[in-house]
Amino acid sequence: MIEFETPKPIEQINNVVETVAINMMRPVSRYFDEHEHEIPWDYINFMHTAVKAMGGTSMAPDESTKPKDADPDKPKRPPIGYQRLAHMVEMLSWGDAGMYLCVPGGLLGSAAVAAAGNADQKKRFLSRMVGDKPAFDAMAMTEPQAGSDTSAIRATAVLDKDTQEWILNGEKIFVTAGHKALVESDGFVVVWASIDPSAGRAGMRAFVIEAGTAGCTVTKMEHKLGIRVSDTVSIVLADCRIPFGNILGSPTVEKTTKGFKGAMATFDATRPIVAAQAIGIARATLELLKEELEKNGIKIRYGLPRQKLTNIEREVIDMEVLFQSAWLLVIKALWMADNKINNPKEASMAKVRAGDIVVRITQKAVEILGPLGYSRDMLFEKWFRDAKITDLYEGTGQINRLVVARNILEYRGSELR
C-alpha cells in the first residue's frame, strides 16, 4: 500500500541533498546557463565523493543490501529505491535541472546496464563509478532519421567471427552527457544498434562502448534552449570494435521482440525520474513566485471560496493543484517500480503530466511577473527554458500519450499510431 508520509530514510537524504541544492547549485545556476558547456567540477567532485560515501556505485537505486545497523528480527521495510531517487532528483532539479544531469554515474547508461546487464557486466561497468575520479554514462538511441520511431534505427552491429568482436557503424544524435562519458571521463555510452536489420525490433540490441574506444567519435556539441550546463552531443561510429561481452542481452535474433521490450522496460522506471526533474523545476518556480508576490503585498489566502479570491490568487492555487497532482502520479509510478509491478501506463502518465504542468507553471509565472519574469535578473525565464526538455526527452509527450492510450485500450503499437 502506498504511504503518503515520506519515509525517514528519504527525509534524511533529502536534508543532505537540499544543502547541496541551496549552497552549490542555485548560487551558480545563472553562471553556468550563460557559460554553456563549462563543466561544474566542484559540484561534480563533491557529488562523486558523496555517492561513494553513501555506499552506492551511482545514483541508480540499489536495494540489494540492508543498512549495516538493520535489526535482523524486524520485518524488511518495503523497497523505496526508486522513490528515494525521485526525491533526490526533484531536489537537485530544484537547485538546477542542468547541473543535476552532471551527476556522475546517474543517467540512462547505468540504468540500462543495471536493468539488462548480467552480473559480470554490472561489475565491469558500474564499478568504475566509484573510482578515484568521477565517471559518466550515457544512452545513445536517437538518430537523424529515427527519433521516437525506434524501428527506423539504422546503426548496425556485425560480429567478426575471427576476433569475436562487434563492429558498430552508424550515427547517434542528442546524446545527453555523451562528451563527459566518452571524453571527459573513463565512462561509457550504451548504444542501440541492430544485429539483423531485416528482423526489425527483434534485431535491436544495446551495446556498451567504453571511453577511448577507436571508431567512436564525438562530432558535435549542441547549443540548447535550456539545461545548457549539460552537454548534448552527436556521435559517429565508424568500424567501432568492442568486445563480444559488451552486448546487453542475447547475441542471437529471436522470433519475438521480447529482448527489445525487456530493455525498453528501463524507461518504465526512468520516465517518472524525468517527471521528478520537472517537479523540481515547478516547485522552484512556485516557491519563488509566491515570495515575489508577498514582497509586493500579495499573499495567497487559502480556504476562501473561489469567488472571493483575486485572479492572481486563483492562478497560483490552480498551479499548485497541477503541481501536486503530477507529484502524486510520479510517486505512484515509482512505488510500482520499487515493488516490481508492471507500470508502463503509470510511468507514461507521470511523464506526460509532469512535462505538461511544468511548462504551464513556468510560463504562467513569467506572465504574472511581467518584465521581472521575462528579464534575466531572476531565474524565472531560465526555468521556463529548462522546463520544456522534460516534455521532450525519454519519449515526447505525444509518444507517451500513445503509450497510455495503448495500455488503456489494449492496442498494439501497429494498431494505434
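Author: With the cysteines. This is a predicted model. A disulfide is a covalent bond between the sulfur atoms of two cysteines.

Reader: How far is the sulfur of C102 from the closest cysteine sulfur?

Author: The distance is 19 Å, and the closest cysteine sulfur belongs to C216. Because a disulfide needs the two sulfur atoms within 2.5 Å, that separation is too far for a bond. C216 is in no disulfide either: the nearest cysteine sulfur, that of C240, lies 5.1 Å away.

Reader: How many disulfides does the rule give?

Author: The count is 0.

Reader: Is C102 buried or exposed?

Author: C102 counts as buried because its relative accessibility is 0%. C216 has 15% relative accessibility, so C216 counts as buried too, the limit being under 20%.

Reader: Next, salt bridges. How many are found in the whole structure?

Author: The search finds 28. To read one, take the pair of side chains, the distance between the closest N and O atoms, and then the positions in the chain. D33 and R30 form a salt bridge with the closest N and O atoms 3.4 Å apart. Both residues lie in helix α2 (residues 29–34), and their spacing of 3 residues is about one turn of the helix.

Reader: Are D33 and R30 buried or exposed?

Author: D33 is buried, at a relative accessible area of 4%, and R30 is buried at 15%.

Reader: Which residues are linked with these two in a network of salt bridges?

Author: R228, E381 and R385 are linked with R30 and D33 in that network.

Reader: What separates D386 and K382 along their helix?

Author: About one helical turn, because D386 and K382 are 4 residues apart in helix α14 (residues 380–387). Their side chains meet in a salt bridge of 2.5 Å, N to O. D386 and K382 are both buried.

Reader: And a salt bridge with an exposed member?

Author: Take R412, which forms a salt bridge with E415, the closest N and O atoms being 3.6 Å apart. R412 counts as exposed because its relative accessibility is 55%. E415 is partly exposed, with a relative accessible area of 42%.

Reader: Which residues form a nonpolar patch on the surface?

Author: I408, L409 and Y411, with about 300 Å² of accessible area together. L409 lies in helix α16 (residues 397–409). At 48% relative accessibility, L409 counts as partly exposed.

Technical notes:
Residues are numbered from 1 along each chain as its sequence is written. This is a predicted model: local features need pLDDT of at least 70, side-chain atom pairs count only at pLDDT 80 or more; totals for chains, interfaces and linings use all residues. Side-chain values use heavy atoms; hydrogens and water are left out. Patches are made of residues with over 30% relative accessible area and no salt bridge: like charges are joined within 9 Å, nonpolar side chains (Val, Leu, Ile, Met, Phe, Trp, Tyr) within 5 Å. Accessible areas come from the Shrake-Rupley method with a 1.4 Å probe; for residues, only the protein chains shown count as cover. A salt bridge is a side-chain nitrogen of Lys or Arg within 4 Å of a carboxyl oxygen of Asp or Glu. Helices (H or I, at least four residues) and strands (E, at least two) are DSSP runs, numbered from the N terminus. Buried means under 20% relative accessible area, exposed over 50%, partly exposed in between (1.4 Å probe, protein chains only).
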